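Have a look at the sequence and structure first, then follow the questions.

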Amino acid sequence: MATGRGAVSVQRTLNVPASAVIRAINDTDRRAWSPEPLYRVMSVLAPRFIRVAFPDGSLAAFSVNRQGNARCTVTVELSKLPDGVDEKQLRDRWAYALAALQEQVDHSWD
């Protein structure tokens with residue numbers, strides 16, 4: 001859902017531990033899931049929060065809420081979006097990215 005002008009929010013429940021999600025977001029070698037892997041990590045409060053900056057100046061804040069030991073809800077708040085961004089397309093792109101994040105973390109446990 002749009003959270004205001006120039007901002008988009010996407011949420012998904014993942015069947016993986018919160019700590020594994022934060023590691024996958026923070027680790028430069030594990031960013032294949034991201035639609036834009038060339039981001040810079042700005043701050044981390046593991047295992048609950050991580051903020052990143054993208055090359056185009058936009059930002060993403062990932063909030064990770066544990067739901068037991070092997071399940072969590074991830075909310076991505078995208079802000080400072082470039083003018084003319086299609087919010088629905090961006091939301092769909094990040095919903096797909098969160099599914100890819102779960103798949104990547106699932107495979108890393110094998």
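Q: Why is Lys-80 called exposed?
A: Lys-80 has a relative accessibility of 59%. The labels go like this: buried is under 20% relative accessible area, exposed is over 50%, and partly exposed is in between (1.4 Å probe, protein chains only). So 59% puts Lys-80 in the exposed group. By the way, this is a predicted model, where local features need pLDDT of at least 70, side-chain atom pairs count only at pLDDT 80 or more, and totals for chains, interfaces and linings use all residues. Residues are numbered from 1 along each chain as its sequence is written, and side-chain values use heavy atoms, with hydrogens and water left out.

Q: Where is Lys-80 found?
A: Lys-80 sits in the loop between strand 6 and helix 2. Helices (H or I, at least four residues) and strands (E, at least two) are DSSP runs, numbered from the N terminus. Lys-80 also has a positive phi of about 55 degrees, although it is not a glycine.

Q: Why does Asn-65 count as partly exposed?
A: Its relative accessibility is 44%, so Asn-65 counts as partly exposed. You'll find Asn-65 in strand 5.

Q: What does Asn-65 touch, not counting residues up to four places away in sequence?
A: Asn-65 touches Arg-71, Cys-72 and Thr-73. Contact here means heavy atoms within 4.5 Å. Asn-65 and Glu-36, on the other hand, are 23 Å apart in space, C-alpha to C-alpha, and 29 residues apart in sequence.

Q: How do you know that strand 5 and strand 6 pair?
A: Two strands pair if DSSP finds at least two bridges between them. Strand 5 and strand 6 have 8 bridges, in the antiparallel sense. One example is Leu-59, whose bridge partner in strand 6 is Ser-79. The hairpin of these two strands has 5 residues between them, and Gly-68 in this hairpin takes a positive phi near 90 degrees.

Q: Which other strand do bridges join to strand 6?
A: Strand 2 is joined to strand 6 by 7 bridges, and the two run antiparallel. Ser-9, for instance, has Glu-77 in strand 6 as its bridge partner.

Q: What makes strand 6 largely enclosed by the rest of the structure?
A: Count the buried residues: 6 of the 8 residues of strand 6 are buried, so the strand is largely enclosed.

Q: How many bridges join strand 3 to strand 4?
A: There are 5 bridges between strand 3 (residues 40-45) and strand 4, which run antiparallel. Arg-40, for one, has Ala-53 in strand 4 as its bridge partner. The two strands form a hairpin with 3 residues between them. Pro-47 has its place in the loop there, between strand 3 and strand 4, and a cis peptide bond joins Ala-46 and Pro-47, with omega at about -5 degrees.

Q: How do you know that the span of helix 2 is close to what is expected?
A: The expected span of a helix is 1.5 Å times one less than its number of residues. Helix 2 has 22 residues and reaches 31 Å from first C-alpha to last, close to the expected 32 Å.

Q: Why do we say that the buried residues of helix 2 line one face?
A: The buried residues of helix 2 include Leu-90, Trp-94, Ala-97 and Leu-101. Seen down the helix axis, the buried residues fall within an arc of 165 degrees, so they line one face of helix 2. That arc is taken from the directions from the helix axis to the C-beta atoms. The face turned away from the buried side carries the exposed residues Lys-88, Gln-89, Tyr-96 and His-107.

Q: Why does Gln-104 count as buried?
A: Its relative accessibility is 18%, so Gln-104 counts as buried. Gln-104 is in helix 2 and, leaving aside neighbours within four places in sequence, is in contact with Ala-24, Arg-30, Arg-31, Ala-32 and Trp-33.

Q: What makes a set of residues a nonpolar core?
A: The set must be buried Ala, Val, Leu, Ile, Met, Phe, Trp, Tyr and Cys residues, joined through side-chain atoms within 4.5 Å. The largest one here has 29 residues, and Trp-33 and Phe-62 are among those with the most contacts inside it. Helix 1 (18-26) and helix 2 (87-108) are among the elements that each supply at least two residues of this core.
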